[in-house]
Amino acid sequence: MRKVLLFLIFSFLACSLYAQNKIVRGKVISPEDGTGLPGVSVFVKGTSKGTVTDQEGSYQLEVASGENTLVFSFIGYITQEAAIDNREAINVTLQTDTKQLSEIVITGYTSVDKRLLNESVGVVKADAIKDLPVGSIDGILQGQTSGIQVSQNSGTPGGAMSVRIRGTTSINGSGQPLYVIDGIPVTTDDYAQVGYEGQGISALSDLNPNEVESFSVLKDAAAVAIYGARASNGVVLINTKRGKKGNSVIAFNTYQGVQQVWRTLDMLDKRQWMEYRNDLTDSEVYTEADMNDPTIPNTDWQDVIFRSAPMSSYDLSITGGDDKTKFFASGSYFQQDGIVIGSAFRRINARFNLDHRVNKKLNIGVSMGLTNSKSNRIEGDASLHGPLPNGISMPAIFPVYNDDGSYNQDGTYSNPVSIANEATNENFTYRVIGNVFAEYQILPGLTFTTKWGMDFYNLREHAFEFNTVQGQKYNGLGFETYTNALNLVSNNILRYEKSFDKHNVDVLLGYSFEKKQVRDIYIRGQDYASPDLQYLNSASTFVDPSASALDRGLRSFFGKANYNFDNKYLFGLSGRIDASTNFGENYKNGFFPAVSAAWRLSEESFIRDNVEQISQLKLRASYGLLGNDAAAPFQYASYYASGTYLGQPSLFADNMPNPNLKWESTVQFDLGLDVGLFDDKITVTLDYYNKQTKDLLLARPLPLSSGFSSVTENLGQLENQGVELTIGAGHDFGPVRWTTNLNLSANRNKVTKLYENQPIVDVGRGGNSVMVGQPLGIFYSLKSLGVDPSTGDIVYLDKNNDGIEDRVIVGNPQPKFIGGFTNTFAYAGFDLSVFLQFSYGNDIFNGSRLFLESLQGGDNQTTAVLRRWKNPGDITDIPRATLEPVAADNKRVSSRFIEDGSYLRIKNVTLGYNFNKELLERVHVSSLRLYVSAQNLFTFTQYSGLDPEVNYGGNDTYQVGTDFFTFPQARSLTIGLNLKF
């Protein structure tokens, strides 16, 4: 009986205790669209008991008796309290806090409120780039955010660009950042096998800028370490547009434009050329009668090879959705003819993004982008068989056509029009970038996401010449290449978010793997029977056919943890372990950690309550280790090449293996300050960084007795230090709204170690060199002291007076400052945007002048040679014209051809008008905007070449700053329309 009584007493007490606790459920709703707000902190006032809302904004929380108040807190919204009383369901609509409203920034594998960001990230939104008539996504970034240098190597339609984030961190590896689209790393390599020097094929040109919602440029170690072995050059996250809840919106955007060359060179006309030739040969090659003979042409070859070129873009999209399903679909067509005859680029894109909520716990989605492009390339940079170099170098006395209509080939080089019209150089790409994903909520605050993606890239090159000088040399010359590159990616992430009292925790753990396959074929054919039979099956002779296969892989474990207390003290820790097939067993795995912290001083009472002008003040710091595996594969192992020996097939060792090869690694420190004044009407971001790169992969010379000339080892070191400044402001002057953004970047690059400190010299036409203690790619050559008035020849520096000219450092291709400056104005329905972009302090080697001011040979010359030396005592900077062999020294690579490459470019001016919405509603149109835009309107520079923004070496890391008949950028004028209904 006693046992029964005790059981009843304990049961009663337990039931009473349980009855004192209860579950409260509810939903937190956004005031903008009535949807649930995920990630809202919900906690019991006065306790550490709390939770966060799920993807639908729902929550549930156990509360005890006496706990009567719930607190709802979320950045950008006013904190709200709700009495529990006897309620078991409490729904709350949070109100926007305009003083705290902040944008969400996409970072590595996650997103974060900008005010809580303890990393250095540059953000470019779609609105900032919507009117720029730029065909590639990397070109869009130029001048838009600090710390990133985007150089358009040439004006070739669809051509490659060089992108550097906080300097260059490799010598023989890649200097390009990692590009990630919707969470999937994508192919950015140039797979062209038919060489056109600096005019490579950019895999990024296949991507449509109109599909992009935002860019996040990850710059410091804390932001990029989670990408590990490929992060030392920075990371660019590209987020495509997705569906939104609401009525379906159809958008049509188009522009039509025309492009023209913004500058031409002043070349000798017929009379000037004849006088020059008489002076050159010291004889009367041409008489006065010849100079006045109207039957001898006076051809302006630049007028022949440059043209007004059309460009156009059409983009149609539809977006919409409801509580369960959201979608975005688009299709676009882009066409750009080049300003040099024979060049063009065409691209067709399609995209479909879908997000679907299966139930309260499971979300699924798909992203798919399709591309087909065609480019017509022409030989140009560093070539003497292209329309541009041949046209500029052709003397005015030669006509384009003979009297019978055939091409005149009497000049020193092949007729440029014949090359443009008769040479076929077509490149076709087919590309698929896509992924599918699923996100499952295991528990409140705990989610698992898996994403599987692919990037398939197919490139076919077709080239053929018959009725050109080069084609006739080989009795017909053809090329056919195929390249298939397939990258498969899987990301699997477990994420936990928890808020209690003033503590906020966000932890992420992940596993990913990548497998990349590249297959290519190259065949060259000669001896064709007819110009109408231009494919390889019509060639009689095949030269150097080849095929290759490459498989690479990357396996990774990564993690990231962010903690903040009271949204005031922020701490972050991230890391990644990568295993790459690029390295052997000794160093296959690399660990890349980073740590960061930030202090929001504006949340401290001594500032918040006393300095009302400060709306945001945050101090940031980060430190971490980054890697770079973008090196030639499998150098750690022995591999073999095939050939013939005594007429029999054979194999031979092709490299010296090094099993101790490891990652190029970069240690980076960053210190940053974010300031907002007057409710963020003025914002300032300032960063200092220091990047120390070691274990650079370089070739160490070997004795020839080894059978090899060199072996690749981790030998070099580099340093990059810099400062970045971004200033934003906005103000209303009555009915006029003005906003401005200025970004400045200063990077100082220095080589700190090489093998036995031996320099790498004389790279490329400009004498680029790599030397300890100097910036990467400095110009190291002879220093011109000017023209000797007594002889008319160039005098070069002889430092030690031994009678031999000495090479010295004569220039630096690295800029001291780069930046962009944007101002926008809005009044009534009108808007005006002016965007300036600039580079200061960099030198350019004008290699074109080696021929155009050689005062020798058969090339046409610039009008600068009109002030050439002619008589003893003449004071001038241009040497004499003579065929004497000794005068060949006058055109040696030297400081004579080094010029200041600084420029200020009015990159874009756009004037638009938005029609009145009330009028548009009558015709069922939601918005209509017309605009006119000018690109590269004016360029202010002392550089004498066609364009100061050039590099004939393409994306090379240290063969930079050289112009050799490089395709210039165009000035364009476009008229556009934005329509929604």
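Analyst: Rings of Phe, Tyr and Trp (its six-membered ring) form an aromatic pair if their centres lie within 6.5 Å; planes under 30 degrees apart count as stacked, over 60 as edge-to-face, and the rest as tilted. This is a predicted model, in which local features need pLDDT of at least 70 and side-chain atom pairs count only at pLDDT 80 or more, while totals for chains, interfaces and linings use all residues. Residues are numbered from 1 along each chain as its sequence is written, and side-chain values use heavy atoms, with hydrogens and water left out.

User: How many aromatic pairs does the structure hold?

Analyst: There are 28 aromatic pairs. One of them joins phenylalanine 334 and phenylalanine 345, with 6.3 Å from centre to centre and 55 degrees between the planes, and is tilted. Strands are DSSP runs of E of at least two residues, numbered from the N terminus. Phenylalanine 334 belongs to strand β19 (residues 325–337) and phenylalanine 345 to strand β20 (residues 344–357), and the two residues are 11 residues apart.

User: Are phenylalanine 334 and phenylalanine 345 buried or exposed?

Analyst: Buried means under 20% relative accessible area, exposed over 50%, and partly exposed in between (1.4 Å probe, protein chains only). Both phenylalanine 334 and phenylalanine 345 are buried.

User: Which pair is edge-to-face?

Analyst: Phenylalanine 464 and tyrosine 528 form such a pair, at 4.9 Å centre to centre and 75 degrees between the planes. Phenylalanine 464 lies in strand β23 (residues 446–465) and tyrosine 528 in strand β25 (residues 503–528), so this pair ties together parts that are 64 residues apart in sequence. Phenylalanine 464 and tyrosine 528 are both buried. Elsewhere, ring pairs link Trp452, Tyr511, Phe513 and Phe557 into a cluster.

User: Which residues does leucine 686 touch?

Analyst: Contact means heavy atoms within 4.5 Å. Leaving aside residues up to four places away in sequence, leucine 686 touches Arg620, Leu671, Gly672, Leu673, Val723, Glu724 and Leu725. Leucine 686 is part of strand β33 (residues 682–701). Its relative accessibility is 36%, so leucine 686 counts as partly exposed.

User: What does strand β46 pair with?

Analyst: Two strands pair if DSSP finds at least two bridges between them. Strand β46 (residues 903–914) pairs with strand β43 (residues 830–840) in the antiparallel sense over 10 bridges. β46 also pairs with strand β47 (residues 927–941), again antiparallel, over 11 bridges. Leucine 911 in β46 stands opposite leucine 832, and leucine 911 also stands opposite valine 932 in β47.

Terms used. Helices (H or I, at least four residues) and strands (E, at least two) are DSSP runs, numbered from the N terminus.
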